[in-house]
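I opened a new page for this structure today. My plan is to look things up one by one and write down what I find.

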Amino acid sequence: MLFFLPIFFILYGVTPSKYKNITLLTGSLFFYAYGDLSHLLLLAASIVVNYFLGQHLGVGGKKNRNYKKSKAYKRKRLLLVAAVIGNLCVLAFFKGDETFGTGAALPLGISFYTFQILSYLIDVYRGEIYRDHSFVRLATYITMFPRVASGPIVGYDEVREALKKRKFNAVGLQSGMKVFVLGLAAKVLLADRIGLLWHEAQTTGFISLSTGMTWLAALAYSMQLYFDFHGYSLMAVGLGRMLGFELPENFQMPYMARTVRDFYRRWHITLGRWFCKYVYIPLGGSRKGELRTVVNLLIVWFLTSLWHGVTPNYLIWGGLLWLFIVLERQIERMGIGKRLKVLPHLYLWAVIPVTWICFAITEPEQLGIYLGRMFGLVEGINVRSGDWISALRRYWYLFAMSFVACTPVVKMIYRRWRDAKPAELILVALFWLCVWRITVEGNNPFMYLHF
């Protein structure tokens, strides 16, 4: 923030418009190398190989009614299958390290940039977008530093025009910086602070937590993950706007949802729509009967689990979410859900923290202990009965701030007052407060850098 960004934006600002992609690409590669130099060559190789694959996938000439029977179409289809399998094999190799012991560290952002590459190749093959002959434009799209590490997953059609021509001015810089500061504050002042309670629970040992403490710590982890990832996404959107891009929104107040299904329509939106477009709909979506829909959802959640990791806890997490979504569909078909008001929100706030525990704890034995303590099925050792009351006294204000930030209140206030001078002064103060907290506490990486 205090070194790379100022220097980069000065260079970016003085660069003529037709060369801005070169400056952005250079800056993005430098940014990536600073975060993960050992895998920079892998990223570069992926860009080069997939650029040439995209060039051949876009070849095919004029289509006619017999086009799908032609040799050109069959070659393209075979090439696409090879490209998809090749990219996924590279991703699987690194993802499999935890389970299969390949000895390879997970490259920074590989899950995100692999899915972006696949979306580009598939869309070119389908004819939804034209192949881009400019290597620099495609490389800039893949490596763009605001989102290369943890998304959002951006479709090429969403930024193609901006890659060709975009505005870089004071209005965009100011608007983007405001969004960036909101994301930074969500990460540093909410996620990192309330996450300390989850860290305390881990340090204490799950077997020694009271039932009340397990629920409180699970709620703390839920808030930490949300404001950490949402904060990153806001920072990416803000930086994109400063550069002249409009990146898609990745969260839409998920904790205001009434069902698990609605929650995941609002959470990590760009990943959800990727699976919907490239997996769920091609499988038939919900158009082929309820049983087929349930199977399609199972496949999607199985793949979503593998995208996050190959340890058993992610499969448990995805399986639970699939089960709840299927049950919700049946309840909805019976017309019960429409008659309920407050209960669905309470149900969601009870279910989601439990599923996040399955997401957080990778060791099956420890996961079993934690869930057992949550529901009183496992006897504790050296448990302090009032531990959750003590924790609530220390963290109540962070829970209160988090709950308010989960509602539309903050967004409404920001939209109403974002251009007022007092609001701008508050944002400046928030920025330097965050800088001070980072200086005092040191670097605390974003949680989704692990994916």
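**Entry 1: two helices side by side**

I began with α3 and α4, which are roughly antiparallel to each other (an angle over 145 degrees; under 35 would be roughly parallel, 65 to 115 roughly perpendicular, and the rest oblique). This is a predicted model, where local features need pLDDT of at least 70 and side-chain atom pairs pLDDT 80 or more, while totals for chains, interfaces and linings use all residues. Residues are numbered from 1 along each chain as its sequence is written, and side-chain values use heavy atoms, with hydrogens and water left out.

Helix α3 covers residues 40-57 and helix α4 covers residues 71-95. Helices here are DSSP runs of H or I with at least four residues, numbered from the N terminus. The two pack at an angle of about 165 degrees, with their axes 10 Å apart. Each axis is a line fitted to C-alpha atoms over the stretch in contact, and angles run from 0 to 180 degrees between N-to-C directions. I noted the crossing of α3 and α4 as left-handed (the near helix is turned anticlockwise from the far one by less than a right angle).

Which residues of α3 and α4 meet? From α3 I listed L42, S46, N50, L53, H56 and L57. From α4 I listed K76, L79, L80, A83, N87, V90 and F94. The residues of this contact divide into eight nonpolar, four polar and one charged. Contact means heavy atoms within 4.5 Å. Nonpolar covers Ala, Val, Leu, Ile, Met, Phe, Trp, Tyr, Cys and Pro; charged covers Asp, Glu, Lys and Arg; polar covers the others, Gly among them.

**Entry 2: salt bridges**

I searched the whole structure and got 19 salt bridges. A salt bridge is a side-chain nitrogen of Lys or Arg within 4 Å of a carboxyl oxygen of Asp or Glu.

I looked at D192 and K187 first. Their closest N and O atoms are 3.0 Å apart. Are these two residues buried or exposed? D192 counts as buried at 11% relative accessibility, and K187 counts as buried at 4%. Buried means under 20% relative accessible area, exposed over 50%, and partly exposed in between, with a 1.4 Å probe and protein chains only.

Next I checked E332 and R261, a salt bridge with its closest N and O atoms 2.6 Å apart. This pair links distant parts of the chain: E332 is in helix α14 (residues 312-333) and R261 in helix α11 (residues 260-266), 71 residues apart. E332 is partly exposed at 46%. R261 is buried at 17%.

Then I turned to E441 and R437, which form a salt bridge at 2.2 Å, N to O. Both lie in helix α19 (residues 421-441), four residues apart, about one turn of the helix. An α-helix has 3.6 residues a turn, so residues three or four places apart point the same way. E441 is partly exposed at 36%, and R437 is buried at 17%.

I also found a network of salt bridges that links D123, R126, E128 and K277.

Most residues other than glycine have a negative phi, and most peptide bonds are trans. I went looking for exceptions.

The peptide bond from G151 to P152 is cis, with omega near 5 degrees. P152 sits in the loop between α7 (135-143) and α8 (156-164).

H268 is not a glycine, yet has a positive phi of about 45 degrees. I found H268 in the loop between α11 and α12 (269-280). H268 is buried, with a relative accessible area of 3%.

N382 is not a glycine either, and has a positive phi of about 55 degrees. N382 lies in the loop between α16 (364-374) and α17 (387-405). N382 is exposed at 69%.

**Entry 3: under cover**

What covers the buried residues of α7? The buried residues in α7 include L138, A139, T140, Y141, I142 and T143. Their cover includes α2 (20-36), α3, α6 (110-126) and α8.

Last, I looked up V435 in helix α19. V435 is buried at 10%. V435 touches M1 and L2, not counting residues up to four places away in sequence. I also checked V435 against K165, which is 270 residues apart from V435 along the chain. Their C-alpha atoms are separated by 33 Å.
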